[in-house]
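Open your viewer, have the selection tool ready, and let's walk through this model together, stop by stop.

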Amino acid sequence: MTGMSTIEIGALHKSFGRLEVLRGIDLTVEAGEVVCVIGPSGSGKSTLLRCVNLLEEPSAGSIRVAGVEVTDPDCDIDAVRRGVGMVFQQFNLFGHLTVRENVTIAQRRVLKRGRAEANRIAQENLDRVGLADKADSYPAQLSGGQQQRVAIARALAMDPQLMLFDEPTSALDPELVGEVLAVMRGLAAEGMTMLVVTHEMAFAREVASRVVFMDGGVIVEAGPPAQVFGSPREERTREFLHRVLEPTRVSETEIGAHLTE
Amino acid sequence: MTSVKLTPRRRRRLVRVAGYIVFAAAILAVVAAADWGRLSDAFFRSDVAASMFPEAITIALRNTIVYTLLAFVFGLTVGLGLALMRLSSILPYRWFATAYIELFRGLPALLVLFMVGYGVPLAFPDREIPGGVYGSVTVGLGLTAAAYMAETLRAGIQAVPKGQLEAARTLGMSHPRAMVSIVLPQAFRIVIPPLTNEIILLTKDTSLVYVLGVTTTTIELTKFAGDTLNTRVNPTPLVVAGLLYLVITLPLSQLVRGLERRAGREK
């Protein structure tokens, strides 16, 4: 597999009806890289991520995951997805199953692992995210942060070669964000290839190998975090970072308000 | 106590007490107006009631339950198929399911029962529905029940958040596998209360089975009560039958409550 990028996206377009959400995206993610995608709401970040494992059908362009062209109609998408873990903003744990069953069901039904093996791997991965003692709980009995960590363990149990994170901390109470980011930082340190859509700028700055800034369905700017955060080249990037990193210093004239008169 | 100005709290209490009194008075008025002597002679004759047993339970109640369960299982199976067809991406499936549901929801259960009981033998003279009356009842009541249950199940499936299916597909499950392992179990939990209502309605619809011509071994509660009423010239059997229906339906309501509590814990 050497010389083959984990993700290769070329000229990707995606429209919902007349609304063009992605307007020509080119992006490559190498094995072991952590790429963080930032940008305002509606910029197409999540759609880009969801195109990678075909949760959204691209309108045009090509996406290769580990060398497999997923937009090919003959592509066995289920096989590709087995190797691509995904973590959602809303966790999407299976509410009718215990934590252990959440982490074992796809191992058993998709990978056809035996019960004992699946349980062992589930336990290992729950231990990895610090929730080994919650195996018999139901998702509803866990905090949001714990649920998201279970969701990460559920994805890891499939031995993915790539993990997609779709705003994994956006639905969490502020004090629960840290525990999820800690798990993700650990994964990055272990060398997991990760594509992360996030609003956590501190995480992106610290952990990402590369940061991609998207706006209006295109990649405006991409580069090492020190460059994108430290000396952004594009005006649009500067404006976005200013608003996100210094929300209390957004001036009234900037937004066209007239409050002090 | 003359002309005490009412505080809001006292006023609320007074209104509530008045509510109780009006309610009790209304019930007492109805009870007092009824002629209990004639009523008990007509509807509560213990000798007539006693003559119905044990057949009322060993045959009539038993058959009522059997008919209900058969029609329910048939209806649930067909209904699930229809629900999945309605949600299918294949257009003719959706057409068929929609037409079926609209048709069978619009027809009286009695009419469908008739058509199955007498129409099917005419249409297929060489074949018959296996199981005799039991088979005809299963199909005759089940076809109607399927239409209702299809809509209930469709609503249940659609009530499962889309993210559940996405998460399952992301883990590499095929669409059918994700439906069976992830979506349908949660959909069924959601529709347990309306499905139980459907059982209760079916239980009562078994009273229509007489149109198929039941015998002493295939008789159900209402027909059994009616026959006894005719031979004894006394309506007590109706009360007995009514109580026996409640023996079936009241525990069902309890069951639903228990299941809902359990589902609530896991949500």
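Select A:D159 to begin: this residue is exposed, with a relative accessible area of 53% (buried means under 20% relative accessible area, exposed over 50%, and partly exposed in between, with a 1.4 Å probe and protein chains only). A:D159 sits in the loop between α5 (144–156) and β7 (162–166) of chain A; helices (H or I, at least four residues) and strands (E, at least two) are DSSP runs, numbered from the N terminus. Its backbone has a positive phi of about 55 degrees, although A:D159 is not a glycine.

A note before the next stop: this is a predicted model, in which local features need pLDDT of at least 70 and side-chain atom pairs count only at pLDDT 80 or more, while totals for chains, interfaces and linings use all residues. Residues are numbered from 1 along each chain as its sequence is written, chains are lettered from A and ligands numbered from 1 in the order in which they are written, and side-chain values use heavy atoms, with hydrogens and water left out.

Now go to A:F91, another non-glycine residue with a positive phi, here about 65 degrees. Is A:F91 buried or exposed? At 10% relative accessibility, A:F91 counts as buried. Look for A:F91 in the loop between β6 (84–87) and α3 (99–109) of chain A.

A:R149 lies in helix α5 and A:E179 in helix α6 (residues 174–189) of chain A, so the pair ties together parts that are 30 residues apart in sequence. A:R149 is buried at 12% relative accessible area, whereas A:E179 is partly exposed at 23%.

Then pick A:R243 and A:E254, a salt bridge whose closest N and O atoms are 3.8 Å apart. A:R243 belongs to helix α9 (residues 235–245) and A:E254 to helix α10 (residues 252–255) of chain A, so this pair joins parts that are 11 residues apart in sequence.

For a stop involving both chains, select A:R50, A:E56, B:K162 and B:E166, which are linked in a network of salt bridges. Over all chains, the count comes to 24 salt bridges.

Move on to chain B and select B:F53 and B:P54: the peptide bond between them is cis, with omega near 0 degrees. B:P54 lies in the loop between α3 (46–51) and α4 (55–86) of chain B. Helix α3 of chain B also holds B:S46, which is exposed, with a relative accessible area of 58%.

Finally, zoom out to chain A as a whole. How many helices and strands does chain A have? The secondary structure comes to 10 helices and 10 strands. Along its principal axes, the C-alpha trace of chain A spans about 65 × 45 × 35 Å. Of the 261 residues of chain A, 53% count as buried.

Terms used
A salt bridge is a side-chain nitrogen of Lys or Arg within 4 Å of a carboxyl oxygen of Asp or Glu.
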